[in-house]
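Colleague: I am new to reading protein models, and I would like to go through this one slowly. Could you show it to me and then take my questions one at a time?

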Amino acid sequence: TNYLNKKEFYKNTFIRDFKAVPGMKDVFLKCRSQYDNCAFHFVSASPYQLFEELSSFFEAEGFPLATYHLKRIRVKDKTLLQLFADPFEYKIGQIERILHKYPQRKFILIGDSGEKDPEVYVELCKRYPEQIEKIWIRNVNGADASRMDGVDEAKWRYFSTGSDLMKEIK
């Protein structure tokens, strides 16, 4: 969504058609076929009002079914301000709920460098090193390795397209 550039963020979120990252559907489908009991959870700081658009988009693109964890925003009250809040704490809380719900599962966290995903995933990896198997970050802004400080280099990688990840799925 280009969260760090507010003008582009609003256009990408509310005006432009969603676009799939090339090859990511294939990554998700390969994960589903390679890993037993594989499930997908989409966590975003986007408002819940985008649920229908997002789920329709993912279905039309052929992505596997998933649960969605989006911000609950109401125009009538102060929750509207949450739309503009830093996504760090929100994403930590949402992902921790999933990790607690499935303590025996291993997780691959997939995000992008445009917001706080690297920092969120580093923190979660520190808290749950046995559950976080891998971290894959789409590098959309030339991020360097310092954003992943504290995580074993063998556990994470930056990527550009889904094809970069296909050999990672074993």
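This is a predicted model: local features need pLDDT of at least 70, side-chain atom pairs count only at pLDDT 80 or more; totals for chains, interfaces and linings use all residues.

Colleague: In what order do the helices and strands of the protein chain run?

Modeller: The protein chain has five helices and five strands. Read from the N terminus on, these elements follow the order α-α-β-α-β-α-β-α-β-β.

Colleague: Which element supplies the largest share of the largest nonpolar core?

Modeller: The largest nonpolar core has 20 residues, and those with the most contacts inside it are Leu 109, Tyr 121, Leu 124, Ile 132 and Ile 135. At least two residues each come from α4 (87–101), β3 (107–112), α5 (117–127), β4 (132–138) and β5 (156–159). The largest share, five residues, is supplied by α5.

Colleague: How many residues does the other core have?

Modeller: This other core lies apart from the largest one, and its members include Met 24, Leu 50, Phe 58 and Ile 169. Its number of residues is 17.

Colleague: Within what arc do the buried residues of α2 fall?

Modeller: Helix α2 covers residues 24–34, and its buried residues are Met 24, Val 27, Phe 28 and Cys 31. A helix has 3.6 residues a turn, so residues three or four places apart point the same way. Seen down the axis of α2, its buried residues line one face of the helix, because they fall within an arc of 95 degrees.

Colleague: Which cysteine has the sulfur closest to that of Cys 31?

Modeller: Cys 31 is buried, with a relative accessible area of 6%, and a search of the whole structure finds zero disulfides. A disulfide would need two cysteine sulfur atoms within 2.5 Å. The closest cysteine sulfur to that of Cys 31 is 5.7 Å away, which is too far for a bond, and it belongs to Cys 38.

Colleague: Which residues make up the uncovered face of β3?

Modeller: In a regular strand the side chains alternate between the two faces of the sheet. The covered face of β3 holds Phe 107, Leu 109 and Gly 111, whereas the uncovered face holds Ile 108, Ile 110 and Asp 112.

Colleague: Which residue in β2 stands opposite Pro 47?

Modeller: β1 is mostly covered, with five of its seven residues buried. Four bridges join β1 to strand β2 (residues 67–71), and the two strands run parallel. In β2, the residue opposite Pro 47 is Lys 71.

Colleague: Is Ser 113 buried or exposed?

Modeller: Ser 113 lies in the loop between β3 and α5. Leaving aside its neighbours within four places in sequence, Ser 113 touches several residues, among them Pro 118, Ile 137, Asn 139 and Arg 147. Its relative accessibility is 0%, and therefore Ser 113 counts as buried.

How values were computed. Residues are numbered from 1 along each chain as its sequence is written. Side-chain values use heavy atoms; hydrogens and water are left out. A nonpolar core is a set of buried Ala, Val, Leu, Ile, Met, Phe, Trp, Tyr and Cys residues joined through side-chain atoms within 4.5 Å. Buried means under 20% relative accessible area, exposed over 50%, partly exposed in between (1.4 Å probe, protein chains only). The arc is that of the directions from the helix axis to the C-beta atoms. Contact means heavy atoms within 4.5 Å. Two strands pair if DSSP finds at least two bridges between them.
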